[in-house]
Amino acid sequence: MAESNWTPDQPMVSAKDVHKSFGSLEVLKGVSMDVMKGECVCVIGPSGSGKSTFIRCINGLNDIQSGSITVEGQEVNDPKLDKLSLRKKVGMVFQQYNLFPHKNAIENIMMAPVLVLKEDKDEVEARARELIRKVRLEGKEEAYPGELSGGQQQRVAIARSLAMRPDVMLFDEVTAALDPETVKEVLTTIRDLAEEGMTCILVTHEMGFAREVANQIYFTDRGVIVEHGPPATFFKEAKDPRTKEFLSQIL
Ligand SMILES: Nc1ncnc2c1ncn2[C@@H]1O[C@H](COP(=O)(O)OP(=O)(O)OP(=O)(O)O)[C@@H](O)[C@H]1O
Ligand SMILES: [Mg+2]
């Protein structure tokens with residue numbers, strides 16, 4: 001893998017002028033973003049503006065046509081990059097949690113470290129039990145996904161991702177499919193992580209959460225980042241008419 005001279009005073013995730021097309025459809029038209037270690041960044045914007053496409057580029061699920069994305073100084077699109085090392089560094093949680101239905105919570109959390117990283121089973125199990133506590137699911141260790149609420153399953157999915165000990169976590173509308181009463185517990189888990197200093201990039205429609213937890217809010221529209229800023233100024237002093245219109249619809 002390519003050497004990196006990254007130091008923590010440099011952005012942990014840095015996207016520069018990223019262009020991404022699906023066939024003739026250009027979905028990202030020059031997106032740039034820097035995220036420092038320990039920062040929590042929220043990405044908001046209308047449906048189809050490229051939010052999911054962009055965060056999928058950060059962990060290499062989407063390739064890009066031009067521009068650059070680095071994680072801890074390593075170019076994600078470097079053909080020499082070891083994809084497994086990127087997977088270990090960058091955790092991702094989706095709207096669809098996709099737990100294995102025939103494995104219980106602990107087994108779901110243990111799978112990747114044991115099967116993919118070949119880590120010691122007992123050590124991974126101890127870590128999985130710790131993670132269950134972290135996502136506030138004590139007592140549900142042996143429960144199967146079908147015995148858990150949507151919010152509880154999503155927290156198992158977050159724990160599963162954390163079991164790989166990532167340096168940055170990507171969340172793509174992880175509460176969008178949940179019943180309102182379980183949204184809060186999932187947001188609490190993410191807030192705990194952010195407060196502990198986990199670097200987080202979230203696509204979300206939860207404006208209250210974004211206002212409270214984010215260090216920076218990015219607003220996307222039709223494949224570009226229109227503007228960004230800390231929540232205190234972003235919500236009060238958005239300048240671009242597209243941002244103002246979007247905020248007027250959702251706030
Ligand atoms: N695999 C794909 N193949 C072709 N087009 C795609 C693919 N993935 C996304 N697109 C298109 O890219 C555009 C941006 O999609 P994307 O999912 O990134 O939007 P989004 O901002 O996440 O929207 P939403 O808020 O609805 O989740 C859309 O026009 C979508 O149809
Ligand atoms: Mg999306």
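These legends describe close-up views of a predicted model. Local features need pLDDT of at least 70, side-chain atom pairs count only at pLDDT 80 or more, and totals for chains, interfaces and linings use all residues. Residues are numbered from 1 along each chain as its sequence is written, chains are lettered from A and ligands numbered from 1 in the order written, and side-chain values use heavy atoms, with hydrogens and water left out.

**View 1**
The UniProt record, an unreviewed entry, places "domain: ABC transporter" at residues 13-247. Such annotations may be inferred rather than shown by experiment. Over residues 13-247 the chain is 39% helix and 26% strand. The end C-alpha atoms of this stretch are 26 Å apart. Helices (H or I, at least four residues) and strands (E, at least two) are DSSP runs, numbered from the N terminus.

**View 2. The largest pocket.**
This pocket holds about 550 Å³ of space. Its lining has 22 residues. Closest to the centre are Met 92, Ala 112, Arg 160, Ser 161 and Met 164. Helix H2 (83-89), strand S6 (90-93), helix H3 (105-116) and helix H5 (150-162) each give two or more residues to the lining. By class, the lining has 13 nonpolar, 7 polar and 2 charged residues. A pocket is an open set of points on a 1 Å grid over the protein atoms alone, where a 1.4 Å probe fits, with protein on both sides within 12 Å along at least five of seven lines; lining residues have an atom within 4 Å of a point. Volume is the space filled by probe spheres set on the points.

**View 3. The second largest pocket.**
The volume here is about 190 Å³. Among the lining residues are Lys 103, Glu 107, Met 110, Lys 121 and Arg 129. H3 and helix H4 (121-134) each give two or more residues. H3 gives the most, with 6. The lining counts 5 nonpolar, 1 polar and 6 charged residues. Asp, Glu, Lys and Arg count as charged.

**View 4. H3 against H5.**
H3 and H5 pack at about 30 degrees, with axes 8 Å apart. H3 is therefore roughly parallel to H5 (angles under 35 degrees count as roughly parallel). Axes are lines fitted to C-alpha atoms over the stretch in contact, and angles run from 0 to 180 degrees between N-to-C directions. The crossing is right-handed (the near helix is turned clockwise from the far one by less than a right angle).

**View 5. H5 against H6.**
Helix H6 covers residues 180-195. H5 and H6 pack at about 20 degrees, with axes 8 Å apart. The two helices are therefore roughly parallel to each other. Their crossing is right-handed.

Note on methods:
Angles under 35 degrees count as roughly parallel, over 145 as roughly antiparallel, 65 to 115 as roughly perpendicular and the rest as oblique.
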